[in-house]
Amino acid sequence: MLIRNKKASDCTESEVTDQSVYLNRRQFMKMGGGVALGVGGVGHVAAALQEGNSLAPPASLTNSFQNIIETPYGSAEKVAPFDVATSYNNFYEFGYGKNDPKDKSAEFKTTPWTITVEGEAGKTGVFDLDDIIKESMLEERIYRLRCVEAWSMVIPWVGVSLGDVLRRFEPTSKAKYVYFETLYDPKQMPAQRGGSFDWPYREGLRIDEAMNPLAMFAVGMYGSVLPNQNGAPVRLVIPWKYGFKSIKSIVKIRFVETMPETTWSLLAPSEYGFYANVNPNVDHPRWTQKQERRLPSGVLFPNVIDTEMFNGYSEEVASLYAGMDLSRFY
Ligand SMILES: Nc1nc2c(c(=O)[nH]1)N[C@H]1C(S)=C(S)[C@@H](COP(=O)(O)O)O[C@H]1N2
Ligand SMILES: [Mo]
């Protein structure tokens with residue numbers, strides 16, 4: 001995003017998708033999973049879902065993925081087609097182009113996967129991801145994802161509340177922030193072999209932000225496991241913040257007393273802050289944040305909409321920032 005900011009006109013034709021694919025997954029499921037749907041267009045949805053579902057969860061989680069709980073989150077939203085959500089990505093470890101993550105992550109190995117938990121917590125150590133997840137019921141939550149580059153999409157995530165996971169490690173009263181790190185493995189992640197990034201990718205949240213019920217520890221999307229390009233096997237989804245806070249392929253969680261350094265704020269502190277709350281009233285120094293391209297969009301169908309404060313989640317999160325000057329703490 002530091003490198004280039006796509007304009008609406010830069011979109012590829014493949015992103016211009018038939019209106020029918022906007023059909024919400026739950027509406028689709030309620031209509032009978034495709035059985036009774038011979039009409040034109042709906043097949044696209046079935047195909048997208050099948051493609052999404054072709055990624056099998058590990059055996060230990062098969063049962064969890066077969067019993068995903070529906071939640072009220074985003075039930076009225078029009079979900080992005082699976083193809084768009086999995087081919088227009090930011091995952092700089094695999095390259096800076098929007099197609100690079102999909103094209104270059106096919107061989108990425110995500111099992112087994114462990115997460116190291118450190119710092120101000122009662123329970124620290126190395127934990128197997130399957131063991132962390134097995135203890136909770138998986139939920140589906142449909143959230144808007146708003147990138148700082150001024151595009152957005154609606155994605156049906158599968159996962160659990162981040163707070164529920166973090167509480168199990170018993171953070172101490174000194175845990176004022178929580179820091180996350182992505183895998184560093186230049187053999188598997190080609191862009192880590194060079195470039196201007198100080199790898200690994202790092203992110204962080206204030207502890208009360210992390211404990212907010214909206215914050216998600218996601219292990220899937222579109223009803224099955226995360227595709228590699230979307231941050232397999234586990235990522236954050238923080239829907240009221242710019243997308244770069246939603247760190248992918250997490251291997252480390254550290255509870256800390258002071259605000260941690262984060263990748264984008266280290267690289268360009270005047271452009272990307274620690275908080276990074278979606279805010280139409282605070283422009284990026286090089287472009288406006290008042291509007292966004294809701295994907296899929298393209299030349300014939302730009303689909304530009306107004307950006308909402310906290311990405312439309314004010315009711316849930318505004319109180320976290322009471323009294324703070326959000327133009328200063330951007
Ligand atoms: N490790 C890592 N996490 C990352 C990124 C990245 O480059 N590396 N990009 C971020 C950005 S800028 C966005 S917008 C989202 C994109 O998520 P998606 O590709 O699943 O839509 O992932 C975020 N998480
Ligand atoms: Mo982003």
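Figure 1. The model is predicted, with local features needing pLDDT of at least 70 and side-chain atom pairs counting only at pLDDT 80 or more, while totals for chains, interfaces and linings use all residues. Residues are numbered from 1 along each chain as its sequence is written, chains are lettered from A and ligands numbered from 1 in the order in which they are written, and side-chain values use heavy atoms, with hydrogens and water left out.

Figure 2. Tyr92 sits in the loop that runs between helix H4 (82–85) and helix H5 (100–104), where helices (H or I, at least four residues) and strands (E, at least two) are DSSP runs numbered from the N terminus. Tyr92 counts as buried because its relative accessibility is 7%; buried means under 20% relative accessible area, exposed means over 50%, and partly exposed lies in between, with a 1.4 Å probe and protein chains only. Lys248 belongs to another part of the chain, the loop between strand E10 (235–237) and strand E11 (250–256), and at 8% relative accessibility Lys248 is also counted as buried. When neighbours within four places in sequence are left aside, Lys248 is in contact (heavy atoms within 4.5 Å) with Asn89, Asn90, Phe91, Thr182, Gln229, Asn230, Gly231, Val234 and Arg235. A polar atom of the Lys248 side chain lies 2.8 Å from the backbone oxygen of Asn90.

**Figure 3. Ile247 and Ser249 in the loop between E10 and E11.** Ile247 is found in this loop and is buried, with a relative accessible area of 0%. Not counting residues up to four places away in sequence, Ile247 touches Phe180, Glu181, Thr182, Tyr201, Arg202, Glu203, Arg235 and Leu236. The C-alpha atoms of Ile247 and Gly204 are separated by 8.9 Å, although these residues are 43 residues apart along the chain. Ser249 has its place in the loop between E10 and E11, and at 0% relative accessibility Ser249 counts as buried. The phi of Ser249 is near 45°, a positive value in a residue other than glycine.

**Figure 4. Ser105 and its contacts.** Ser105 is placed in the loop between H5 and strand E2 (114–119), and Ser105 is buried, as its relative accessible area is 1%. The side chain of Ser105 reaches the backbone oxygen of Pro101 at 2.6 Å. Apart from residues up to four places away in sequence, Ser105 touches Phe94, Asp100, Asn228 and Gln229.

**Figure 5. Backbone geometry at Pro200, Pro233 and Glu170.** Most residues other than glycine have a negative phi, and most peptide bonds are trans. Trp199 and Pro200 are joined by a cis peptide bond with omega of about -5°, and Pro200 lies in the loop between strand E6 (177–182) and strand E7 (202–206). A cis peptide bond with omega of about -5° also joins Ala232 and Pro233, and Pro233 is found in the loop between strand E9 (224–225) and E10. Glu170 is not a glycine, yet its phi is positive, at about 55°. Glu170 lies in the loop between helix H7 (162–167) and E6 and is partly exposed, with a relative accessible area of 41%.

**Figure 6. The largest nonpolar core.** A nonpolar core is a set of buried Ala, Val, Leu, Ile, Met, Phe, Trp, Tyr and Cys residues joined through side-chain atoms within 4.5 Å. Of the 87 residues in the largest one, Leu162, Phe217, Trp240, Ile253 and Phe255 touch the most other members. Strand E5 (residues 151–161) gives the most to this core, with seven residues. In the protein chain, buried residues make up 55% of the 330 residues.

How values were computed. A polar contact is a pair of N or O atoms within 3.5 Å; within protein, one must be able to donate a hydrogen and the other to accept it, and residues adjacent in sequence count only if both atoms are side-chain atoms.
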